Amino acid sequence: MTQQEENQRLGIVVSGSLNKGVEVKLDSSASIEDIAVGRFVTIEGQKRRFFGMITDVSLGLIDQKLALTPPDVSDPFIAEVLTGTSTFGALHVSPTLAIGGDVATLLEGPQPVKTVPSHFSVVNLASQRDVELVFGKEDKERFWIGNPLDMETKICLDLPELVKRSNGIFGKSGTGKTFFTRMLLIGMLQKSNAVNLIFDMHNEYGWEGSSEEGQRKVKALKQLFPSNVAVFTLDEESSRRRGVSTDFVVRISYDEIEPEDIVLLRQTLNLTEPAVETVHRMHRRFGKNWLQNTLALKDAEEIKELLKELDIHESTFQNLKRGLATIRRLPFIEPHAPTNAVRGILEHLDRGMNVVLEFGRYRDITAYVLVANMLARRIYAQYQERMEKAMAENTAPPTPLVITIEEAHRFLDSQAASQTIFGTIAREMRKYNVTLLVIDQRPSGIDDEVMSQIGTKIAFHLDNERDIDSVLAGVSGKSELKSVLSKLESKQQALIFGHAVPVPVVVRMREYGSAESYKGFIPREEAEAGKQAEKDIEELWE
Amino acid sequence: MERVGEVIEASTTEFVAQCYELYQLPPLGSLVKTRDLPVELYGIVYNAATTSLEPGRRPIARGKDEATEEEIYRSSPQLLKLLRSEFNALVVGHRQGDRLYHHLPPQPARIHSFVYLCSPEEVNEFGQSFDFLNILINAHLPVPTEELVAASLRQMSQAYEDRRGFLVAAGKELAILLGGNLNQLKAILGRIRQ
């Protein structure tokens, strides 16, 4: 891009307000068809420069009569004369930041705007430098995730900042959520100083995933960073068949399942309200081994007596038993598991390893919700304990933990959000150094309160009105962003807004999946060390 | 620089010049100037007429026995002295010292100032600003405004290498000036289109 193109003039500000954004009349030299919503512009005010995004494009007429008696535009001369004068393009721009100008912006970087540029301020397309100034350059903490529309500049996310809050990735299936998540996890693994625990429902993040067409295999975390990632599996056989080298086989014993885990599964197990109540009574009665004891009840007399004692109706008990049988059928649940999965995960996390838990063939939602909720709760409890201890003793707090969950609306719908640990994590956020990365295709299913606590939202193409509304709930400039969001391309474009980005930004995703792209993800020193080792080995054989 | 006449009547907004030779009129819409220092006046020819020297004496038809029009003038050479050609120019700017102004001069032209047709270079310089269009549009003249504006732009565009570029730029200026008068704009654009 040449210098001239960098400062491409678009037009001038003609009206507007801070609330609604400003209207820009397009110069006749700028073609309206080249302008896309989501692009960044700078506005040269008299005292400061403003940075904003184009949120709408419209057509204007100097005289309404033109619309009624259109001129003969088949004549190129007349068409050229009227463009930009009698008929003109108009842009709607939301200025969001002030860059340069007063002392504060010079010292502290871009500041939120509190005013609008004066009349007839010149509007230019934002240059590479402007975008860099706002989003920062790729460095030790900033991770390159993609490029803005029609520009080669890198958009970088400040990852340590990102993981301080819970984040969400939303979009219809097939829009690039998984690819983006994989890339973001790689970034977090390198630059966020946090460790990740990923509940990998579809076995896509640990070893390898496949591209949309299903043809091409793409490498995932363990292949790229073998020393930093541990793959846990619930289904050893499936992992072996897929050629994944696993570090730990997760088994869950009966006594690890608590009444809360069953409560959460109420809907999937089709339990009635009294049956849920029965779970608690059984727990009170039998203690830790309640599940095993409940399932072991065979003798009719014995059951009758127990039910009478606990004041439980027979049909309720049968309902519960049917539900519990579903759980018992899950092959990874055993009366007495040889290993403690929670301890295993924590040990790995403590060593700074990122843990991917593969579900293998157990992709049904019962298994996913049960396991994810159960493990997360215990891990969270451990973190809470450690954090409180660290605060009391004034020692170093535990490494920040990011838990990635898919199909988030199953955990975080308005009913479940109050009961699951994920609801608590999302709400209490970073107090205990644990945050969430939720991935979902139906954000409208997620509880409003949880949604409002999500720091940074990454929204891919969504076309359901309710989903769009729920993603944008509580965001300033909602209607403008809505028009941007609904015009995203159906693949690999996302609107990112919230805590970790200074302004909402439309990003074309960075390439992922080619040999060249992998090189870019691995830090140079490591890559070079690897090369050196290869060379040494070659020399050894010469 | 070609001399085309001499001022015989002048006001702040326009002047009338008589040609030295019958029918040697500058074209409609062309840019002319007086050079009677210290202020040089620029005008655009908006009207021209050839009339009898004496207002009361009208010419009579003479060609009944002649084969061509040329023959009439050859057989009555006095005609060239009894008729006169004059043109009206609307003042659209002036030059004082080195500076060119696209607005009315402080004083009108003096009688007997010589009037010259501007050279292409001068036309080119004058056409750098379209402020004169406003004067043309708002003047109340016996000729239709759109005819005059179109003629002057056509004339002026000849001094430019990029004729089309000049006309497009002028058209854009007109589109703004005539924002509320679409029909007039259309009429002018139709007359200057390339």
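## A pocket between domains, and a strand with two partners

Domain 1 (3–135) and domain 2 (159–250 + 339–510) of chain A both supply lining residues to the second largest pocket, so this pocket lies between them. The domain bounds come from an automatic or database domain assignment. This is a predicted model: local features need pLDDT of at least 70, side-chain atom pairs count only at pLDDT 80 or more, and totals for chains, interfaces and linings use all residues. Residues are numbered from 1 along each chain as its sequence is written, and chains are lettered from A in the order in which they are written.

**Exercise 1.** Describe the lining of the second largest pocket.

*Solution.* 
- On a 1 Å grid over the protein atoms alone, a pocket is an open set of points where a 1.4 Å probe fits, with protein on both sides within 12 Å along at least five of seven lines; lining residues have an atom within 4 Å of a point.
- Count. The lining has 26 residues.
- Find the centre. A:Thr96, A:Val475, A:Ser476, A:Gly477 and A:Pro504 lie nearest to it.
- Sort by class. There are 12 nonpolar, 11 polar (Gly among them) and 3 charged (Asp, Glu, Lys and Arg) residues.

**Exercise 2.** Find the strands that pair with β7 (residues 114–117) of chain B.

*Solution.* 
- Strands are DSSP runs (E, at least two residues), numbered from the N terminus. Two strands pair if DSSP finds at least two bridges between them.
- Take β1(B), residues 2–10. It pairs with β7(B) in the antiparallel sense over 4 bridges. B:Glu2 has B:Leu117 as its bridge partner.
- Take β3(B), residues 31–34. It pairs with β7(B) in the antiparallel sense over 3 bridges. B:Lys33 stands opposite B:Tyr116.

Terms used: Heavy atoms only, no water.
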